[in-house]
Amino acid sequence: MQTPPSAGWSGARRLLRRLRDLMAAGTTAEERLNQTVRLIASDMVAEVCSVYVMRAGEVLELFATEGLNPEAVHNTRMRVGEGLIGDIAAHARAIAASDAWAHPNFSYRPETGEDLFRSLMGVPIMRGGRVAGVLAVQNKAQRLYTDEELETLETVAMVLAELIASGDLINPSEPILADATAIVPRRLDGLRLNAGLAIGTALLHAPRVTIRQMVAENPAEELERLKTAVAAMHSQLDTLMTTTDISGELQDVMESYRMFAQDRGWLARIREAINSGLTAEAAVQKVQNDMRARMREVTDPYLRERLLDLEDLTARLLTHLSGAVFDSSEMPADAIVFARAMGPAELLDYDRTKLKGLVLEEGSATSHVAIVARALDIPVLGRVTEVLDRVETGDQVVVDGDNGQVFLRPGQDVLDAVRHSMQVKADLRQRYAAIRHMPSMTHDGQQVSLLLNAGLLIDLQHLDETGADGIGLYRTEIPFMVRSSYPDVATQTELYKKILDAADGRPVTFRTLDIGGDKTLPYFDAGEDENPAMGWRAIRIGLDRPLMLRQQLRAMILAAAGRELRVMFPMIATIAEFRAARALLDQELTRAEDRGEPLPDRVKVGAMLEVPSLMWQMPQLLARVDFLSVGSNDMMQFLFAWDRGSPRLSDRYDTLAPGALAFFDDLVRKARSASVPLTLCGEMAGRPLEAMALIGLGFRALSMSAGSIGPVKMMTRSLDVRQFRPLLDQTMHRPVETLRTVLRSYARDRGVAL
Ligand code: PEP
Ligand code: MG
């Protein structure tokens, strides 16, 4: 096997300089491309160098080659995913194969004559986060390509990306026009990250800076420019943090974001790219391209979010390098911002009074930008695939956060319907506000406590807004998830105190950490389970890592000094687990007492009912708990063997199935006979029809997200339980899939407000 002469940085720099001269020559784009492949082949001692360009319909077309059959140019076309070249494009990832024939994806095109060549190294040509083509070299002998050569090829690919983007080779919008989407109205689906409806004008977030010069004259000068820009970026971030009104988790989010800005590895990689001959801007962009390629491989949600923060920093750094400062006064007054991904600081750059919605191609509910957007109370959609290819700045758009849809250039019919819904919502909001201080009591006088599900400090403002009776479920893992390191006892105490203060005497039920499964903490490795929902999560982790749980309980005890402390443990499956968890709490109470610390006034301890096995241990459980709370999201998934996250099963079973209702009926009777208070805090509690069924079955406390309190209260006040209950008794055991229709008809006939 051969090893080539090492090119090194100076080699890369020399090549880049020659490329720059070549690009500056006044020849046609095609000719420049031909010269480029010749230059690379000779410089990298490769027998073949070829460029494939992405054409409409996801087809890679051979545009230039040195070494392959010239007749194949513009004739050889392959699909993304086909062969090694297609594989590079499909995964946006480089391949360096000393024996390409042995590669599982190898396939060759006889017309090119490439069967002679044994080794191949190829890199994607990336443009704006998308693959615009592939650049590859090939050798006859089995050859090992070095990392430096790969780096060089990647750098050359950036220069080619500019050439492709120039529009001289192909019309740059060709891949978009292929499905003729640019001007027609269009609806795209996404993931709801924050509810709400907005009509506005599209504002594309991404390209603030166009990089004009890729190759640097003087690396030392570029390093200096980078240093100045980094310093300016840090000082701008400091100002943003001190002048913006942020608190609670937003503060944490921004702190961990700022830590990234000081990430040495990131800056070191940029410096390295400058040393290889790029301008500071091109180096920042190159490191970002590498990151994006890596991001496709990353499945860990936390890591993905942090990589998105780095995208934000890249854009920020580029702004500082180019001196192009973002001016929010140029925003339209009803801006809906579209971005591939965004960091939290970038969102805060926009004028909040003009920002009406946010649409992302990436993003998840726990992404930092989603948390910030929720605090700003604007509708947000994530995972809207390829929306940036289809929308232009200035387009009229509608974001429907409630249904997870965005309408681009909507027709009059859609606009009319949306305006109507906005009006209806505004009217309803007024009606909910009007009953905010009225008791949540059924028409026939049954008191039903409506509580709030919360997880962030910013959720607490909803307590007063909605008139909720307290917090029925505080998901403590959420503040843990937005941090970059484990919060110590003092930090946790502070947080729990703030929550209790905000509740101002209303009950707050803290659920201990429910991590594991898809809720990962960056600083805690829960390993991987085949079936995470049933894996090492929640109380299972708490009991196996008692120090973590004890610290949390210690903080809760300290925070609740002189007040009531309500704690519940998630995913309890056996009495022994509950006893063990409770013993840890007792230990902590004793510890606090021994140390003379002020204790909570009262301590109430409960279990979440999420695992069906508890139903057959009720007498023992009821004798030991102060309250029970049904986590119906998990309970339904385990009762029906129904993965709550599977989109393919989302409509398969119904929470209003006879089996589910009979289960709840049984549970209510058992809890009542032992006089143990029972709550339900899963998503179904917040849906008026489901809530009607639950109240009919005997639930007198329901905990839900803030937006549901108004609708559920309105329903409750219009329901006559005594009249309704017999219907449940008659229908609960019917051999049907669901009682939804029966219940809906009842509500309609009896004027129950749904
Ligand atoms: C539930 O399972 O219903 C619940 C409230 O807990 P989570 O949704 O956080 O799992
Ligand atoms: Mg649960």
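Me: In this predicted model, which polar backbone atom is 3.0 Å from an oxygen atom of ligand 1, and how is such a pair to be read?

Reply: A pair of N or O atoms within 3.5 Å is read as a polar contact. Here the backbone of Asp 634 supplies a polar atom 3.0 Å from an oxygen atom of ligand 1. Ser 632 likewise places a polar backbone atom 3.0 Å from an oxygen atom of the ligand. From a side chain, Arg 511 brings a polar atom to 2.8 Å from a ligand oxygen.

Me: How much of the accessible area of ligand 1 does the protein cover?

Reply: On its own, ligand 1 has 280 Å² of accessible area, and the protein covers 98% of that.

Me: Which elements give two or more residues to the shell around ligand 1?

Reply: They are strand S16 (471–475) and helix H21 (632–639). H21 provides the largest share, three residues.

Me: How many residues surround ligand 1, and which are the closest?

Reply: The ligand is surrounded by 14 residues, the closest being Arg 475, Arg 511, Gly 631, Asn 633 and Arg 644. Sorted by class, the shell holds seven charged, four polar and three nonpolar residues.

Me: To turn to another residue, is Trp 616 buried or exposed?

Reply: A residue is called exposed when its relative accessible area is over 50%. Trp 616 has a value of 68% and is therefore exposed. Trp 616 belongs to the loop between strand S19 (602–609) and helix H20 (618–624).

Me: How many residues separate Trp 616 and Thr 574 in sequence, and what is their C-alpha to C-alpha distance?

Reply: Trp 616 and Thr 574 are 42 residues apart in sequence, while their C-alpha atoms are 9.9 Å apart in space.

Terms used: Residues numbered from 1 in each chain as written. Chains lettered and ligands numbered in written order. Predicted model: local features only at pLDDT ≥ 70, side-chain atom pairs only at ≥ 80, totals over all residues. Heavy atoms only, no water. Near = heavy atom within 4 Å. Polar contact = N/O pair within 3.5 Å; in protein donor to acceptor, adjacent residues only side chain to side chain. Areas by Shrake-Rupley, 256 points an atom, 1.4 Å probe, with all protein chains shown as cover. Helix = DSSP H or I, 4+ residues; strand = E, 2+ residues; numbered from the N terminus. Nonpolar A, V, L, I, M, F, W, Y, C, P; charged D, E, K, R; others polar. Buried < 20%, exposed > 50% of the residue type's maximum accessible area, 1.4 Å probe, protein only.
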